[in-house]
Amino acid sequence: MNRYPRDFRGYGANPPDPKWPGNARIAVQFVLNYEEGGENCVLHGDAASEAFLSDIPGAAQWQGQRHWNMESMYEYGARAGFWRLHRLFTRAGIPLTIYGVATALARNPEQVDAMKEAGWEIASHGLKWIEYKDMPVAEERAAIAEAIRLHTEVVGEPPRGWYTGRCSENTVRLVAEEGSLAYVSDTYDDDLPYWLETGGRDQLIIPYTLEANDMRFSVSPGWSDGEDFFLYLKNAFDELYAEGTSDTPKMMSIGLHCRLAGRPGKTAALRKFIAHIQKHEGVWCPRRIEIAEHWAAHHPPQKRICASKMAAEDFVERFGGIFEHSPWIAERAFALELGPAHDCAAGVHNALCRVFRSATEEERLGVLTAHPDLAGKLAQAGRLTSESTSEQASAGLDLLTDEERETFSTLNAEYVAKHGFPFIIAVRDHDKASILAAFYTRIGHGRDEEFGEACRQVERIARFRLEDLFAQ
């Protein structure tokens, strides 16, 4: 099958109401990444020093050497930055989720004690704070297992959430396969949690953020002033808060690092932001695991039609009748590049219409002639498809007077004699009077103009049928 794995659809135009506790208008969730002692370092058996997310401009790895300045910046995060942020959030009464690198947690027992005493969630941030993109699948699977083992040993309980960060294309699947994690956050693709079928299970995904994130103090384009950080967080919060009032409540993730946000000028920005959100009603500041538990309870995974995952036989059986008596359209559509975006009425409709539009005129004419006359002999004999029967009944065409039936019969005959195919109209857009008016108007069209209009009506009918199918 020609399948495209990326999902550009998501919840689409109608995201679900998350039903946050207390009817909150927004869930604001703070994450503190704890990486100090888990970063690249020759002392840790790595080939080179760290070069990522520090205050060193243009940092590069030093092969086979310790980078004293880089190490000391990570150490600042553990020695001073963590405690500054610990004081800020405990005094504000806001619990954090820690993304804890397992080897970093093992090297920082006092900080782990403080996290636990504060009631913070300690999720897994992988075994080491290194790049996993080139790691073989078996090696990454082993690293995930070891991260969970070491985390459990150090913290006293296994992690329930996961975020690798510097992940590979296999990470989410491998973590799902492991089977014990309530959520995975290695995506940045939505404002709300969602379920992903991967690794043989329905895995809850709680998307994370790299934009409402203090990492932008260490990248370009980024921030150099804490006030920029505050203003961005404030603007994002204000917009989402307004959406929660007039539209659908959302979730705001905020990413922090001890060695970055733990610096005084950046902590000051966080303090201002916390004061700002605490002035508002309906703001829920949970740990990430509480979001996961809430979502699982109120929005469990739902089985739905997944056209992109169907076998050819099932696809044609399900969609072969959408275009009247023309299963060849579904057969050809199955060969297109389908993906998650096609697992909805609009998606399948687009695929079927692409085939119909690219077909020869003779093939399209065959589709038109497969349609029955409106209120014609087939309808009277009860020989319409169930879809056509329902559609004609919706416009009252099953309850015609003898005079009305004679009028339709005469118009049908005149139309077919002139154009060579039956009069086709999406009756759900009309009532009996407007159908008759369209009949009189379209009989006067030229053949080419009416052929195009008939094809458009066929596509419209197909859309209604698909919407019915996906609504079941």
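Start with Lys19. This residue is partly exposed, at 48% relative accessible area. Note that the model is a predicted one. Lys19 sits in the segment before strand 1 (26-34). Check its backbone: phi is near 55°, a positive value in a residue other than glycine. Most residues other than glycine have a negative phi.

Next, select Asn23. Asn23 is also placed in the segment before strand 1. Its phi is positive too, about 55°, although Asn23 is not a glycine. Is Asn23 buried or exposed? With a relative accessible area of 70%, Asn23 is exposed.

**Helix 4 and helix 5**

Now show residues 137-155, which are helix 4, and residues 171-178, which are helix 5. Two packed helices are described by the angle between their axes and the distance between the axes. Here the axes come within 10 Å and cross at roughly 50°. The cut-off for roughly parallel is under 35 degrees, and roughly perpendicular runs from 65 to 115. Helix 4 and helix 5 are therefore oblique to each other. The crossing of helix 4 past helix 5 is right-handed.

Which residues make the contact? On helix 4, pick Val137, Glu140, Arg141, Ile144 and Ile148. On helix 5, pick Thr171, Arg173, Leu174, Val175, Glu177 and Glu178. Colour them by class: the contact of helix 4 with helix 5 has five nonpolar, one polar and five charged residues.

**Aromatic rings**

Switch to the aromatic side chains. A pair of aromatic rings is described by the distance of the centres and the angle of the planes. The count comes to 26 aromatic pairs. Take Trp223 and Tyr232, one of these pairs. Their centres are 5.7 Å apart, the planes make 45°, and the pair is tilted. Trp223 is buried, at 10% relative accessible area. Tyr232 counts as partly exposed, at 30%.

Move on to Phe421 and Phe451. The ring centres lie 6.0 Å apart and the planes stand at 75°, so this pair is edge-to-face. Phe421 belongs to the loop between helix 15 (402-419) and helix 16 (432-443), while Phe451 is in helix 17 (residues 447-471). The pair therefore ties together parts that are 30 residues apart in sequence. Phe421 is buried, with a relative accessible area of 1%. Phe451 is buried as well, at 6%.

For a group of rings, select Phe30, Phe89, Phe237, Tyr241 and Phe273. These residues form one aromatic cluster.

**Helix 12 and helix 17**

Helix 12 passes helix 17 in a left-handed crossing. Helix 12 brings Glu361, Arg364, Leu365, Val367 and Leu368 to the contact. Helix 17 brings Arg447, Phe451, Ala454, Cys455 and Val458. By class, this contact of helix 12 with helix 17 has seven nonpolar, no polar and three charged residues.

**Last stop: Ser326**

Finally, select Ser326. Ser326 lies in the loop between helix 9 (312-319) and helix 10 (327-334). It is buried, with a relative accessible area of 3%. What is Ser326 in contact with, leaving aside its neighbours within four places in sequence? Show Gly320 and Val367: Ser326 is in contact with both.

Terms used: Residues numbered from 1 in each chain as written. Predicted model: local features only at pLDDT ≥ 70, side-chain atom pairs only at ≥ 80, totals over all residues. Heavy atoms only, no water. Axes fitted to C-alpha atoms, helices over the stretch in contact; angles between N-to-C directions. Helix = DSSP H or I, 4+ residues; strand = E, 2+ residues; numbered from the N terminus. Parallel < 35°, antiparallel > 145°, perpendicular 65-115°, else oblique. Left-handed = near helix turned anticlockwise from the far one by under 90°. Contact = heavy atoms within 4.5 Å. Nonpolar A, V, L, I, M, F, W, Y, C, P; charged D, E, K, R; others polar. Phe/Tyr/Trp six-rings, centres within 6.5 Å; stacked < 30°, edge-to-face > 60°. Buried < 20%, exposed > 50% of the residue type's maximum accessible area, 1.4 Å probe, protein only.
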